[in-house]
Amino acid sequence: MSVEIQDIITFVSSHEPFDNLPEDEVRALCGHIEVSYYRANTQILNYGDPIDSLFLIRSGSVEVLHRTGELYNRQEPGQLFGQMGILMNGHVRYPVRALEDTLIYQIPSAIFLALCKQYGEFGDYFEANEYSTLRQAVSNDADKNDMTTVRVRDIIQDDPIYMYADETVYAAAVKMTELTVSSVVVYDRVQSEAGRNGNTIIQPAGIVTDRDLRMRVLANALPYDTPLRNIMSTDLITIKDDSYVYEAMLLMLRHNIHHLPLVRQHKVTGLVALSDLMRHESQNSLLLVRRILTADSVQGLIELSSQVAAVMVRMQKEDANSHMIGTAMSVIGRSFKQRLLQLAEVELGSPPVPYCFLVLGSMAREEQLVVTDQDNALILSPHYDEQKHGEYFKQLSEFVCDGLNACGYPYCKGGIMASNSKWRMTLQDWKRQFSDWIDNPDPEALLHACIFFDLSAVAGRTAWAEQLTCFIVNKAKHNRRFLASLARNALKRTPPLGFFKSFVLEKDGLQRYTLNLKRRGTAPLVDVIRIHALAVGSLSQSSFDRLDDIANSSLLPEGNRDELSDALEYLSMVRIRQQVSAIEMDEEPDNTVDPKMLSSKERRGLKEAFQVLSFAQKFLKFRYTTNQISQTG
């Protein structure tokens, strides 16, 4: 074998996806390779020309262009081009020009297609998609996890039991005992009969559980003929019966409930109990939340906080996706806040006026991980009087914020906490504050927009948070100047890709050259999604839910929703895996990653995700310039 052929074999076999082919296939392939040389600025491929080879860059570099001449990508040794044309219609889809003197290995398309057909993994690598690595990685992770494929309706064991609101608690207890169930769905008899006659949808009036019988009947010595309407839980929280198991689990954790009605077309089709979920899934996060909500002291909460990181480690090992992990970690964080508020009220007494405790940022979006601080605020009653009530809410806020800091949620360095009197306001004052930020988008206002525009209630008058969100969205949606300012601000954090799509590394606190996946990846991507969500009037908080709302509005070009979702999922999971690795090695987790520690496939996935972000920012710049908004807003 000649030295030249051996050199080709060595080079080809060291690059994806050829490195996964059998050695004899690589040798046979290399025997058919033609070597071509192109001088700098020479056109290699022209749009629309027939294409009969796959191109592998041996040395030098090339520019891949859109048909309009706009730059699409730059590629360097070891990278491939031409596959899209071969796989689609046998004609060049992206013109290519040599940037410098370039040596190319040309693989005949017949051999390339035969290998794609014979070796599934090799063929998958060339899936006809601009972001194939990203799509495959996200899809593969989802396929591994039972929690994202099992519907909640498939794990319940019994049909729901129905009773009328005028039936007695004794009748309910007898029926529940006979049928060995822990709950009954309650309907109003008059409404039900009217509904049947009029063929209208009848909503359940409430639910009665064995816990209601214990705490509301026996504990209060109510007579056995008490009607169910007097003890039932109303304002039911429900979930669609085709939802996934993890969605039901997290909804129950978030609201601290034991029974969840399943609905289809407004009709209750089943009831899932906490026991059903505990039989089906890991009990780790479930039990931790339960323990947090029953802890009898701040010290007890501090001791439980040491288990939080283990929950994320376990979920990642069980192949949970980033949305599941982020939601679970956020639910745990919310539970700490809820219990601290309850303990504060035990110590300080009942609040003199109602309030709503808000969480902000990643916890409100349900995208929190273990590397986080606390961001929170208070909405106070319209009857709030600073002279009469100020000291109480100062102490309440300090109790909670100090407790959170002790439990591993550090104080916000920017002081965005309820313990800061600046962030304790009535609903009307909050509306005035947001109006000022939206009408006068100076740098400070834009900074606050990235935090305060993601908000959610954890305790108290939660409806106030919903009212505030509606106010914010309605006002921001119609303010073109604010959206343009927000977009310009979002473009300041660019993805860390250099001229040849190589990574641009930064020194971290330990003087290591790394990528900050939050600052240069997930955070600017979340910013892009938030701006689009405000523009379409989305009331959702989660970035993934916002993407669904954006897609339904037709604001984004076709396919962009999936690309953004895949990029956010991929970047988040790389970040999660790095934090889990640090936890397992007893190191301090952070948001950085050293690309040299990743596989070539992971690095390629990161580059594709960063490229999605880059294109998303270009679209943001186009869509929200002042002129464009005035034409399309």
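## Overview of the predicted chain

The chain holds 26 helices and 21 strands. The model is a predicted one.

**Whole-chain figures**

Along its principal axes, the C-alpha trace spans about 95 × 60 × 55 Å. The chain has 633 residues, and buried ones make up 52% of them. Contacts can also be sorted by how far apart the partners lie in sequence. Among contacts with a separation of 6 or more, 72% join residues 24 or more positions apart. The accessible surface of the chain is about 29,200 Å². Carbon and sulfur atoms account for 47% of that surface.

| Chain property | Value |
|---|---|
| Buried share of the 633 residues | 52% |
| Share of contacts (separation of 6 or more) between residues 24 or more positions apart | 72% |
| Share of accessible surface on carbon and sulfur atoms | 47% |

**Helices H1 and H2**

Now to one pair of helices. Helix H1 covers residues 3-13, and helix H2 covers residues 23-30. They pack with their axes 9 Å apart, at an angle of about 125°. H1 is therefore oblique to H2. The crossing of the two helices is right-handed.

Which residues make the contact? From H1 come Ile5, Ile8, Ile9, Val12 and Ser13. H2 supplies Val26, Arg27, Leu29 and Cys30. By class, seven residues in this contact of H1 with H2 are nonpolar, one is polar and one is charged.

Technical notes:
Residues are numbered from 1 along each chain as its sequence is written. This is a predicted model: local features need pLDDT of at least 70, side-chain atom pairs count only at pLDDT 80 or more; totals for chains, interfaces and linings use all residues. Side-chain values use heavy atoms; hydrogens and water are left out. Axes are lines fitted to C-alpha atoms, for helices over the stretch in contact, and angles run from 0 to 180 degrees between N-to-C directions. Helices (H or I, at least four residues) and strands (E, at least two) are DSSP runs, numbered from the N terminus. Angles under 35 degrees count as roughly parallel, over 145 as roughly antiparallel, 65 to 115 as roughly perpendicular and the rest as oblique. A crossing is left-handed if the near helix is turned anticlockwise from the far one by less than a right angle, and right-handed if clockwise. Contact means heavy atoms within 4.5 Å. Ala, Val, Leu, Ile, Met, Phe, Trp, Tyr, Cys and Pro count as nonpolar, Asp, Glu, Lys and Arg as charged, and the others, Gly among them, as polar. Buried means under 20% relative accessible area, exposed over 50%, partly exposed in between (1.4 Å probe, protein chains only). Accessible areas come from the Shrake-Rupley method with a 1.4 Å probe; for residues, only the protein chains shown count as cover.
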